[in-house]
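Please read them with the model open beside you.

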Amino acid sequence: MKKVIIGVVMAALVCVAAVAGAQTAEEWYDKADDAFIAGDYETAIEYLTKAIERKPECAECYSGRGIVYYYSGRYDEAIADYSKAIELTPEDAVCYLGRGGAYYFLGRYDEAVADCTKVIDLDPEGFYGAYNIRGMAYDELGRNNEAIADYNKAIELDPENPVAYSNRGISYRSLGRYDEAIDDSKKACELGQDEACEALEKLEE
């Protein structure tokens, strides 16, 4: 009888220890954040998956894992996670922006335009990236003038970011507006974008 009682007590103690050692969704999220900052994407994904297991309705966890998938180049998985986050928090502009970027890199340009437009509808002045990504998608769709309008807005929001200047220069070049393309490549080069410096050399040949 004593052995049975001792066995039950020991089992209970093991259960208590397991519960005490269990981590909350928030704790797994914080650990994932540290792993992501360290560049350890696989560990970050593992920790965020554990966070979701503990809190299946955690929109931030899906969004966070979507970001890690995005940076890992796993765009289909990023889209799935961003879509789940949007289902849980349909007014979160960040999720639409992330999903729009993933759509762009998969060549799904119309969907990228739609998501970036949603971001702009939700917060017209808050997201430089929405205009930049939508501009790139417009360029791929051959809608260069609309792309230029978006790059203009991106530059207005963040005038020291070289990416929009570089991208606008590409749009100008596509339209045969070479002087403007050179000016934008010069500006992007001055702001530190190596690709723009290389493009400038070719334009000036």
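1. Asp115 touches Tyr96, Arg99, Gly100 and Tyr103, leaving aside residues up to four places away in sequence; contact here means heavy atoms within 4.5 Å. Asp115 sits in helix α7 (residues 109-122). Helices are DSSP runs of H or I with at least four residues, strands are runs of E with at least two, and both are numbered from the N terminus. At 6% relative accessibility, Asp115 is buried (buried is under 20% relative accessible area, exposed is over 50%, partly exposed is in between, with a 1.4 Å probe and protein chains only).

2. This is a predicted model, in which local features need pLDDT of at least 70 and side-chain atom pairs count only at pLDDT 80 or more, while totals for chains, interfaces and linings use all residues. Residues are numbered from 1 along each chain as its sequence is written, and side-chain values use heavy atoms, with hydrogens and water left out.

3. The protein chain has 12 helices and 0 strands. Of its 205 residues, 41% count as buried. Among contacts with a separation of 6 or more, 46% are between residues 24 or more positions apart.

4. How do helices α6 and α8 cross? The axes of α6 (residues 93-105) and α8 (residues 128-140) come within 10 Å and cross at roughly 25°. The helices are therefore roughly parallel (under 35 degrees; over 145 is roughly antiparallel, 65 to 115 roughly perpendicular, and the rest oblique). Axes are lines fitted to C-alpha atoms, for helices over the stretch in contact, and angles run from 0 to 180 degrees between N-to-C directions.

5. On the α6 side of this contact are Leu97, Gly100, Gly101 and Tyr104; on the α8 side are Gly129, Ala130, Ile133, Met136, Ala137 and Glu140. These contact residues divide into 6 nonpolar, 3 polar and 1 charged (Ala, Val, Leu, Ile, Met, Phe, Trp, Tyr, Cys and Pro count as nonpolar, Asp, Glu, Lys and Arg as charged, and the others, Gly among them, as polar).

6. The structure holds 9 aromatic pairs (rings of Phe, Tyr and Trp, the last by its six-membered ring, with centres within 6.5 Å; planes under 30 degrees apart are stacked, over 60 edge-to-face, the rest tilted). Tyr70 and Tyr75 form an edge-to-face pair, 5.6 Å centre to centre with 75° between the planes. The rings of Tyr104 and Tyr109 have centres 5.5 Å apart and planes at 55°, so this pair is tilted. Tyr104 is buried at 14% relative accessible area, whereas Tyr109 is partly exposed at 21%.
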